[in-house]
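Open the model in your viewer and keep the selection tool ready. We will go stop by stop.

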Amino acid sequence: MRWHLAFWTSMIALLPSPAAAEVVQAVPAGFEITQSVTVDKPIDQVWAMLVAPQKWWDKEHTYSGDSANLYLDPQATGCFCEKLPGKGSVEHGHVVYVEAPRALRLHSALGPLQIEGATGALTFTLEPEGEGATKVRLSYVVGGYIRGGSEVIAPLVDRVLGTQLTRLKAASEAAPLPDAEAKPAK
């Protein structure tokens, strides 16, 4: 799938925006996004779902059109990647920090940012909240050169990440505990 600004602009217009989302800053050199959601499941269960993106990442934001082709190896130097059946693979990000079940950080240029001179730090932090719930915070700090401007793409990326976080919440609350020790797909 070719990612470009026009495609994202048309697709994003159809998405609902999350309740707790914010483009903190968007300047020519980059942007910062924060999101948060409370999941009505214990932290260990939310962590297990977080590291299984094939169970919650929206297929509309994959290159193969199938979330089942996604995998994440939750250790330093691990890959958040996607198989392209018969055609290769895509790295969405690589893991630089893991503190299970509380934090996961990837260096990543998601979607259309892959064709730009930009990269980012995508961080998920989890903390217990109340009885059996978990607060999930997402932060995406992107820097570099983006044709068309960071100010234009930041709100679009914010909406896509809001959708992903909403899907993580829904999958965590609806699904049985996934196998957190699952090995990445080959």
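Start with two side chains. Select Q114 and Y63: their side chains make a polar contact, at 3.1 Å. Keep in mind that this is a predicted model.

**Stop 1: around Q114**

Where does Q114 sit? Look in the loop between β6 (103–108) and β7 (117–129).

Now show what surrounds Q114. Leave out the neighbours within four places in sequence. Q114 is then in contact with Y63, V90, E91, H92 and A109. Pick H92 from that list. Q114 and H92 are 22 residues apart in sequence, yet their C-alpha atoms are 8.4 Å apart in space.

**Stop 2: the aromatic rings**

A pair of aromatic rings is described by the distance of the centres and the angle of the planes. How many aromatic pairs are there? The count comes to three.

Select F31 and Y140. Their rings form an edge-to-face pair, with 6.3 Å from centre to centre and 80 degrees between the planes. Colour the two strands next. F31 lies in β2 (residues 30–39) and Y140 in β8 (residues 133–145), so this pair ties together parts that are 109 residues apart in sequence. Both residues, F31 and Y140, are buried.

Move on to W57 and F80. Here the ring centres are 5.3 Å apart and the planes meet at 70 degrees, so this pair too is edge-to-face. W57 is in the loop between α2 (43–50) and β3 (70–72), while F80 is in strand β4 (residues 79–84). The pair links distant parts of the chain, 23 residues apart. W57 and F80 are both buried.

**Stop 3: the largest nonpolar core**

In soluble globular proteins, nonpolar side chains tend to be buried together. Go to the largest nonpolar core, which has 37 residues. Which of them touch the most other members? Select F31, F124, V136 and Y140. Two or more residues of this core come from each of β2, α2, β3, β6, β7, β8 and α3 (150–174). Highlight α3: it gives the most to this core, with seven residues.

Finish by zooming in on V136. Again leave out the neighbours within four places in sequence. The contacts of V136 include Q35, S36, V37, V39 and V46. Also among them are F124, T125, L126, L165 and L168.

Notes: Residues are numbered from 1 along each chain as its sequence is written. Side-chain values use heavy atoms; hydrogens and water are left out. Helices (H or I, at least four residues) and strands (E, at least two) are DSSP runs, numbered from the N terminus. Contact means heavy atoms within 4.5 Å. A polar contact is a pair of N or O atoms within 3.5 Å; within protein, one must be able to donate a hydrogen and the other to accept it, and residues adjacent in sequence count only if both atoms are side-chain atoms. Rings of Phe, Tyr and Trp (its six-membered ring) pair if their centres lie within 6.5 Å; planes under 30 degrees apart count as stacked, over 60 as edge-to-face and the rest as tilted. Buried means under 20% relative accessible area, exposed over 50%, partly exposed in between (1.4 Å probe, protein chains only). A nonpolar core is a set of buried Ala, Val, Leu, Ile, Met, Phe, Trp, Tyr and Cys residues joined through side-chain atoms within 4.5 Å.
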